[in-house]
Amino acid sequence: MSDYQPKVLGFLCNWCCYTAADSAGVGRYQYPPNLRVIRMMCSGRLDPSFPLEGLAKGADAIFVGGCHPGECHYQDGNYHALVTAALVHETLERLGINPLRFLIDWASAAEGPNFVKIITQFTEQAAILGPLGTSEGIDPTLLREKLTLAAVTAKDRKLRIGLINASKEMMKGADFSRSTIAGLVHDKCNKVLTELIGISVL
Amino acid sequence: MYDASISNSSALKAVGAVLVVGGGVAGVQAALDLTELGLKVYLVEKSGAIGGVMARLDKTFPTNDCSLCILAPKLVEAGRDPNIEILTKSELLSLDGTPGNFTARIRKEPRYIDEEVCTGCGQCTLYCLKQIGDDYNENLGISNAAHIDYAQAVPTSYYIDAKACLMLNYQTCGLCAVACQANAIRFNQKEEILELAVGSVILAPGLGRISKEVLGRYGWGKFADVLSAFEHERLMCASGPTNGAILRPSDHKHPRKIAFLQCIGSRDQTCRNNYCSSVCCMYAIKQASLAREHDPNAEITLFYMDIRTHGKGFDAARERATAENNFRVIYARPPKVEDVFDGGLLLTWATEDGKHYYEKFDMVVLSQGIESPDDAEQLGQAAGIDLNSYLFARTDTYAPLATSRPGVYVIGAFQGPKDIPDSVTQAGGAAALCSGQLVAARGTEMTKAVFPEERDISKEEPRIGVFVCHCGINIAGVVDVRAVRDYARDLPGVVYSTDNLYSCSQDTQQHLVNIIREHRLNRVVVSACTPRTHEPLFQATLRDAGLNRALFEMANIRDQCSWVHMHEPEAATAKAKDLVRMAVAKAAHLTALPEQRLPVTPAAIVIGGGLAGMTAALTIVEQGFPTTLIEQGDTLGGSALLLTADRFGRDPRTVMADLAHRVKTHPLISVRTKATVASVSGYVGNFTTTVAEKSGTEVINHGVMVIATGGRPYAPKQYLYGDSDRVMTQLELEARLASGRPLSAKMKQVVMIQCVGSRGADLAYCSRVCCGQALKNVLRLKALHPELTIFVYYRDMRAYGFLEDDYLRARELGVIFIRYAPENPPKVSHGRSKSSPLKVVGYDPLLGEEVAMETDLLVLSVGIVPEDPSLLSRMLKVPVTADKFYLEAHVKLRPVDMAVDGIFVCGLAHAPKSMDETIAQAQAAAGRACQPLDQGSISPEPIVSHVDAELCIGCGACETFCPYKAITIDKEVKPRKARTLTASCKGCGVCAARCPTMAIDMGRFTLEGIRAQIAAFGTETGV
């Protein structure tokens, strides 16, 4: 295990993951002290610009936590979060950033220990990846500039219409597997992404 | 079995007020539930402050949550509720009249300090010359005649101990009167006799203490290092006499070897407390765990007779604690504690195999039991109620909260030894019964809470106040709180920063209001525990200070920081600073948000037609709200119909038949059998449920829902069950015992095995009721055939509470109980032929060898499996535990609420429990469910979406994705624009995340707010 202390930013939904984090505390389950949490009502609130901005502002890794699929407090917000996450992953890949720096996962309100497991593993993995840019072999300053631009790009109207279409097709097809969602997002956003960010730096 | 509501034709109109005797957690919860149901409350408390025993606890099991932290918000809420009149230093003298129209005579002793005037500054204590033992700290510390019980006490007012005060006794001193800047000292105050008109009465006097004489048998009072559990609790507590250090009273050194002795004053005929106190096994585990937290190297030993951790999740918590903390657990009861010359305490004990041991310990903690209150007889007389042989209030299995006197209810420990959640549950149940009894008088005595007008801060620059909480040692034991406070002072927008020992206490609330006013704060950040539990408390304080409640933010530096990074104080402090910085950054972007009031559909749905569901439905309709009862089977009654006798010999089936009849004939209840829930939508106050029946589907609008889906017996595969006619479950035995030919005359020997499928691989949990059921059936068998030989193989005989009487009786009748270890259960095989008696081989710890016996009948005590909750829990978005029981919103203080507002749970769907416990819980669920119905409207948090019409392009994506149809495209206006339907919006924010032009934003969780948090995250801490 690496000695590097990664900076991890988390976006947790109020009803499941945030509650799971609280219950981990009540049970005194210990985990690495690297995570900083932003509470949201639902993981579906995740704007694609948030994780990109987080990395741009200094995070080494971003975690998004919601309710288990099918158990969203607001019916299907976590599915929409998966759509957003797919766009973030695709953007990271195009920037040459290790996609392992971004994770979306689930823990129910009753699953304090599960939350701890997820965060512990994710933090350990982020430590191994090291500071942003290290495992990528790219100058971090340059990378953060690109991420800042990417966060602005995430607010682009055409790109967001692509996300809307991906979300719509996901709901219609009712296939919520990550690979299918990634495919949908790629189909709908590829053109705009290539236009705005490029194919890949690699 | 139920109190009928008071007839309104009587000449006297019922009074819409309730007397609650006792201000512990049960009484306080009852008071809060009552005012929510429209009844005024007189809360009569003997001591100088409400809070009771729970306020003296450091932590609560099984979660080791900080006791005062979860209690304080309730105390504060009770203290600020204009409809709860708290009468301290008071007691009930007599109760005259009839249900609906009681007159209670109350004696109120003087406090000698005017509650209304006292500011709680503490100058009087500082100047008081007379020292007294600190009762709150179990006399381990010193207090003064002029004092307050504890810093967070409600009312936040000092009082003078009349017995000790020099002025009152010798007309000398009087320094406090000089020191008091508020001129609150009143030496001439006299005792008052009050006559209160109330409609009903709830008795919640709490528990009595095991006598000093009984504790003395174990060396307490003689050897300094023998502590009662209450004393140990105070030693562990940050606000205790040693500031949270566990030190031996004799030499102030940390004990290296600690022993916990169980059943002190419980299960003990010599002190006439034959009953089991039900809570000590679990609290000893808690205390031992905390002792371990205090000293990682201490050797900790627990001596048990049986380990009775029968509550929900208790076994799991105990097993984890025992394994993680390396506790030594010994099944033995050391009879005494001896002093040896070099300062150690000598324990001798014999284990079940007859071997004798002795060992020296540094400290011995006595897990003292629960007694009925010291003045139980006096209170019983004053209230005119009957007591049982142990001087607890006498109640009935089928009306567990009703005393012998109509209109007088009993809750908490006075109803029988119990833990906090059960007390809180009973509080809710009794409030519901009062509300049903006084249905016509509800609202007649209420006054409305008034808040000052909100200050318009829209034109002000952010003036943020930061309050960093120590939470005793919960936070400050890990995080450098003062460093965080100082750090916060320099953050942008912060004009004030301070730290509090307990931010949630009542005096701190007043302090907060003062500081907000004094420094003209317009945003408040409390850096403490989790907003999920404490945000409402602080938001109410903001309103008291004239600020909109949306101008509040919390940094969670306890549950998500100090508690999870206990061994990394520096990293935890750095994290706390980061979290505060992020919260402050967000706070700067907070704006005042308008409140909304939404109407409530005054109707309920109860799912499940068993004992819990029927009781809940009746308790709701008695409060005047129509209820639909949905049962998937074709008859009402549920699993209680499997029982043929209770422990008093009555047949539950006749009770169930009566209940079912009352349900079916009640004009406000609509029963749907063979019906299931097809879908649910909406939110508290406005649910829409589709019910599927054979005849088709029906849509029902309702405001609340009670889940009472019940459970069923575990189907065993072990021990030749199904393979031999001689093997049956306890329930099958019950049926047999109620049949015409219960047992063959040839039957000589019966063997019972406990925990079949329970506490192990199949069902991980303890089913709580099986030990009691086995004992009941043992006694029934013995009554039929006194010469019958009965063996019971058990792991821990969990005859909690008064069930211990049955256990004793069974042993007196010669029933033989043999403990088996889970890894070596008894083995059962066929006899010579399939019809011959079975062979049972089991290890007998007394004999130290395997014993083979033949049995005519083998009875298996099987556990309870909940009905599969997966479909319904997903529809309702409520969590379930790993064991598939519904998970309550808070295990201690919201035991019948679900995390989703407006949904409640009771009965076996929540956890295994007995009939009386089920009834009390169903009544509680019904009472809590009626709160929004009675209020008539709800005001949800104003976190709704709003649309910037200039940016909106009318694409309709928001409308497509909104799960609640809470945002629509207004087709009337050209060009088309989206519009929020505030009443339907739940604030999830999917619309905002999908809006192509980012024209939608969310209340409190704004785009700029979150971006500010992200930016603040990136700023270096400078640590």
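Welcome! Begin by selecting domain 2 and domain 5 of chain B: their centres, taken over C-alpha atoms, are 32 Å apart. Keep in mind that this is a predicted model.

With both domains still selected, look at where they meet. Here 14 residues of domain 2 of chain B are in contact with 19 residues of domain 5 of chain B.

Next, colour chain B by domain. Domain 2 covers 212-368 and domain 5 covers 713-865. Some of the other domains are built from separate stretches, among them domain 1 (1-109 + 191-208 + 372-453) and domain 4 (599-710 + 867-937).

Now zoom out to the whole of chain B and switch to a cartoon view, where you can find 26 helices and 50 strands. The radius of gyration of chain B is 30 Å, close to the 31 Å that the globule rule gives for 1023 residues, so chain B is as compact as a globular protein of that length. Its C-alpha atoms fill a box of roughly 90 × 80 × 70 Å along the principal axes, and 56% of its residues count as buried.

Which chain brings 52 residues to the contact, and which brings 50? Chain B supplies the 52 and chain A the 50. On the chain B side, select helix 16 (569-587) and helix 26 (1007-1018), which are among the helices that each supply at least two residues. Helix 26 of chain B gives the most, with seven residues. By class, this side of chain B has 27 nonpolar, 13 polar and twelve charged residues.

Terms used
Residues are numbered from 1 along each chain as its sequence is written. Chains are lettered from A and ligands numbered from 1 in the order in which they are written. This is a predicted model: local features need pLDDT of at least 70, side-chain atom pairs count only at pLDDT 80 or more; totals for chains, interfaces and linings use all residues. Two residues are in contact if their C-beta atoms, placed from the backbone, lie within 7 Å. Helices (H or I, at least four residues) and strands (E, at least two) are DSSP runs, numbered from the N terminus. Ala, Val, Leu, Ile, Met, Phe, Trp, Tyr, Cys and Pro count as nonpolar, Asp, Glu, Lys and Arg as charged, and the others, Gly among them, as polar. Domain bounds come from an automatic or database domain assignment. The radius of gyration is taken over C-alpha atoms; the globule rule is 2.2 Å times the number of residues to the power 0.38. A residue is buried if 20 or more other C-beta atoms lie within 10 Å of its own, exposed if 12 or fewer, and partly exposed in between; C-beta atoms are placed from the backbone.
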